[in-house]
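This report looks at backbone angles and aromatic contacts in one protein model. The sequence and structure come first.

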Amino acid sequence: MKKVDNQNKFDSFRKDYTFFEFQSYSFQVKNKNLEVVFLFNLSDKFFFNPSLTFRGSHKINFEKIDPAALNALVFHIGMVELISYWKAACPPKVVIRPHKLTDDQIKWWKKLYFHGLGEFFYLNGIETDMDSFVHIETEGEAEPVEVLESSSGTLEAGEFPGLQFEPDKTKVLVPIGGGKDSVVTLELLNDGGKEVFPLLVNPRPASVRTVEAAGYSLADCVVINRTIDPLLLELNDRGFLNGHTPFSALLAFIGALSAVASGANYIALSNESSASQSTVPGTMINHQYSKSIEFEKDFISYVKKYLHPEIKYFSFLRPVNELQIARLFSGFPWHFNGFRSCNVGSKNDTWCGKCPKCLFTYIILSPFITQNRLLQIFGKNLLKDSSLKDILDELTGKAAVKPFECIGTPDEVKNALWYLAGQTAKDKKPVLLERFLKDFPVPDINTEFEYLLQNFDTHHFPEPEFEAILKDALSDGAVGFKKFLKRTLKGNEKILILGFGREGRSTYRLIRQLFPEKKLGIADRDESIAGDELIRGDKALQLHLGKNHRDVLDDFDLVFKSPGVKLENKDKIQKKISSQTSLFLEYFRDKTIGVTGTKGKSTTVTLIRHFLQQAGRKAVLLGNIGVPPFDTIGEIDYDTVVVFELSAHQLEDIHVSPHVAVLLNVYPEHLDHFASFEKYSKAKHNIYRYQIPGDVLITGENEFLENTAGEKKLFGKSQDADARIIGDGLQFQKEKFMPDPGEVPLKGEHNFLNILAAILTAGEYGVDHGEAVEALKTFRGLPHRLEYVGNYGGIKFYNDSISTVPQSTMAAVKTIPGIDTLILGGFDRGLDYTELVEFLKTTDIRNFIFLGKAGEEMEKLFREPPTTRQSLYRCADLEEAFEIIKKHTEKGKTCLLSPAAASYDQFHNFEHRGDAFKELAKRL
């Protein structure tokens with residue numbers, strides 16, 4: 001805001017308008033509502049009648065309050081309300097007629113008026129001081145008696161009789177403005193063992209959305225409609241003085257009346273530590289004075305002395321700063337699209353995108369909410385708007401004066417921008433971030449960001465139980481997801497866990513943690529589950545085991561389906577099916593890299609995590625690689641990148657795609673589950689099908705793709721690819737890298753494609769391509785993926801048990817030199833092995849060993865004319881296969897296990913098969 005010179009106008013008005021009277025007030029309880037009207041007199045020339053209506057409800061009752069008590073409570077609201085009308089002409093004298101105030105009270109009110117109008121005086125260029133700006137006289141007959149505490153903590157007889165209510169320590173009023181701060185307070189106290197009453201003054205769409213998103217209706221709220229006398233607005237248009245007044249002080253006294261009417265013991269505000277900082281450095285001028293800790297302390301003292309000693313008023317968020325609040329807010333994504341903090345846009349329920357409040361909110365959320373999600377919230381990337389450069393200078397402290405808005409400190413803003421810079425690729429830094437970094441380069445060593453996130457200011461007034469709620473939330477990175485899961489499961493009376501393997505057990509543990517008494521069911525073919533120690537003694541659990549375990553699906557409201565469970569006629573119950581993957585992505589999608597492909601996904605996710613970790617980023621690996629999503633939620637914080645390996649089974653029922661989706665390849669597989677390659681492929685493509693603008697899809701150049709809302713990046717061998725193989729090297733646009741083959745632990749063209757995908761992905765998180773190529777040297781490959789087992793009996797053994805499709809086996813054969821014996825086969829899923837066999841017939845491999853039904857099918861193809869020259873052996877198991885290996889494999893040559901088939905005819909999984917192969921090799 002621009003400063004103007006209204007000193008002459010101020011002086012002139014004070015001569016023309018010599019006094020301001022708080023003449024009277026009236027109230028009545030009508031249709032359960034409390035209707036209040038004030039009468040203010042500006043020098044017998046203008047009279048104002050502002051009003052408030054407190055809506056009665058089943059939770060707030062005005063009829064039970066003694067009229068004498070209402071007199072005191074309403075009067076004090078009028079004492080704050082009057083300042084909005086006094087400021088139009090700033091008369092030198094204020095006369096309070098309804099009641100007589102003590103000298104102590106007059107001193108208290110003068111302090112509030114003067115500091116609460118600090119911004120008003122400053123921006124109007126008015127020079128005045130505490131002593132001379134106004135003289136307060138009181139002419140009322142009734143002098144309030146000080147409220148005294150007895151030894152029992154109750155009021156003495158004769159004090160305001162209606163205020164002798166017994167405050168209920170389980171009830172707390174939470175004023176809601178519709179911004180991120182009140183969202184955090186409401187959500188955290190909602191689960192804090194208290195009955196929460198959201199308090200709304202002139203509810204606007206954002207505040208209504210806030211309470212509804214938190215699970216309340218307006219009927220659960222304390223609602224007040226405040227009307228400004230139109231005459232004041234008319235005077236403003238005529239050139240009378242205008243400016244900021246201490247609205248939060250008005251809210252404080254409205255809260256006191258509402259506490260008495262509802263029986264609430266507590267009024268919990270959402271003012272943070274930076275609210276106490278002066279807006280104009282070196283002065284007491286503070287846009288947020290009535291949100292400051294000084295006013296909070298003064299108000300607590302006033303209420304205790306003149307209203308009621310047990311009305312507890314405090315700011316729940318006072319111990320924390322704006323960065324901590326932004327981090328907590330990021331845990332409640334169901335509020336992202338509903339909250340609003342922009343004063344300019346409040347009239348039409350938007351973010352204006354041009355004011356300090358918009359830019360500050362965008363910046364302070366940037367370390368915790370992705371840029372594409374912020375784009376959704378604000379409608380544009382505010383850091384790309386060069387017209388906001390002057391506002392940026394004010395926010396960062398480059399300009400002398402902060403904006404007159406409810407915003408954080410320059411240190412908080414600078415640290416948020418430094419953190420964002422570290423997470424953004426060099427070529428993707430927006431114009432305002434580049435401008436900031438020229439003025440404020442990133443410190444060589446900066447620990448302040450973490451310090452700000454861990455700080456807990458001890459100068460505050462919340463009682464220990466509220467302090468504990470806030471501390472727990474700050475220390476528990478999973479608090480938001482647990483609330484999300486509670487909200488999701490709350491309306492489902494009966495929940496079934498279908499499949500009680502690794503993921504089913506994980507689901508059970510988390511649901512029981514959140515809902516110890518909820519009715520649960522477990523359905524599984526394995527009857528031995530009945531004796532499982534994990535579920536022993538659970539009286540709210542029903543078991544449905546054996547071959548008919550699926551007959552109970554219709555009896556449950558929600559079914560948690562484990563991956564790989566195949567359901568016939570699934571369309572009938574589709575609406576009740578959920579999964580860990582679906583719920584995890586619904587909540588964590590913005591920080592998730594999802595990787596799928598028929599082959600290479602485990603290697604790729606491990607590479608991605610390695611590149612991120614080597615660059616100093618925190619990354620957690622989960623999913624199909626063997627870690628159920630729910631088992632990792634305690635490890636995921638604001639700075640965590642989730643690297644999620646996704647199988648077709650996990651993808652088939654999702655309706656949310658990850659922020660960065662990686663689709664490596666799609667070959668026919670799992671046709672026993674999906675019935676057709678088309679259905680299998682469709683499940684794989686779900687990984688990007690539901691992306692939103694700003695998301696990224698990284699995929700092989702030869703993959704058939706539907707349209708995606710995200711940016712598409714291709715890897716492969718063609719010149720048009722964003723990342724491609726060039727001979728033995730890698731190229732990213734104009735950058736070429738030729739790593740020493742001996743320093744790259746992954747061999748073969750298929751692995752180079754995985755490397756390209758992983759480096760492109762890490763680049764989305766600020767990891768330079770060269771930095772990732774260098775990190776390849778320290779990468780160690782996963783077991784069962786072209787894993788060198790050792791030289792035993794003069795034979796080199798390689799374990800590629802992960803290869804369960806023909807394409808993967810062909811890639812392995814092209815990669816490993818000197819193969820003399822190849823082990824093929826296993827469980828048959830109806831794949832076509834013709835291409836594989838035709839390829840193998842052209843190689844120099846002499847010995848082929850076939851296992852299982854799939855091996856039998858491959859052998860038949862080998863024996864079709866023309867007759868093959870290779871030696872073919874069918875074996876019952878691996879032990880028999882090793883007898884063949886010992887007899888017929890040439891010393892110095894290689895034996896490769898790369899089956900091109902699933903393992904679960906004889907083994908639990910491909911890891912079990914690979915471990916058995918390695919153990920038998922070591923016995924030679």
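This is a predicted model: local features need pLDDT of at least 70, side-chain atom pairs count only at pLDDT 80 or more; totals for chains, interfaces and linings use all residues.

Most residues other than glycine have a negative phi. Serine 43 lies in the loop between strand 2 (33–42) and strand 3 (46–48), and its relative accessibility of 8% is under 20%, so serine 43 counts as buried. Leucine 786, also not a glycine, has a positive phi of about 50°. The loop that holds leucine 786 runs between helix 26 (769–775) and strand 26 (787–792). Leucine 786 is buried because its relative accessibility is 14%.

Across the whole structure, 71 aromatic pairs are found. Two of them are listed here.

| Pair | Centre to centre | Angle between planes | Class |
|---|---|---|---|
| Phenylalanine 48 and tyrosine 85 | 5.0 Å | 45° | tilted |
| Tyrosine 302 and tyrosine 306 | 4.8 Å | 45° | tilted |

Phenylalanine 48 in strand 3 and tyrosine 85 in helix 2 (residues 67–86) are 37 residues apart, and their pair links distant parts of the chain. Phenylalanine 48 is buried at 0% relative accessibility, and tyrosine 85 is buried at 0% as well.

Tyrosine 302 and tyrosine 306 both belong to helix 9 (residues 293–306), four residues apart, or about one turn of the helix. Both tyrosine 302 and tyrosine 306 are buried. They belong to a cluster linked by ring pairs, whose members include Trp108, Trp109, Phe253 and Tyr313.

Terms used:
Residues are numbered from 1 along each chain as its sequence is written. Side-chain values use heavy atoms; hydrogens and water are left out. Helices (H or I, at least four residues) and strands (E, at least two) are DSSP runs, numbered from the N terminus. Buried means under 20% relative accessible area, exposed over 50%, partly exposed in between (1.4 Å probe, protein chains only). Rings of Phe, Tyr and Trp (its six-membered ring) pair if their centres lie within 6.5 Å; planes under 30 degrees apart count as stacked, over 60 as edge-to-face and the rest as tilted.
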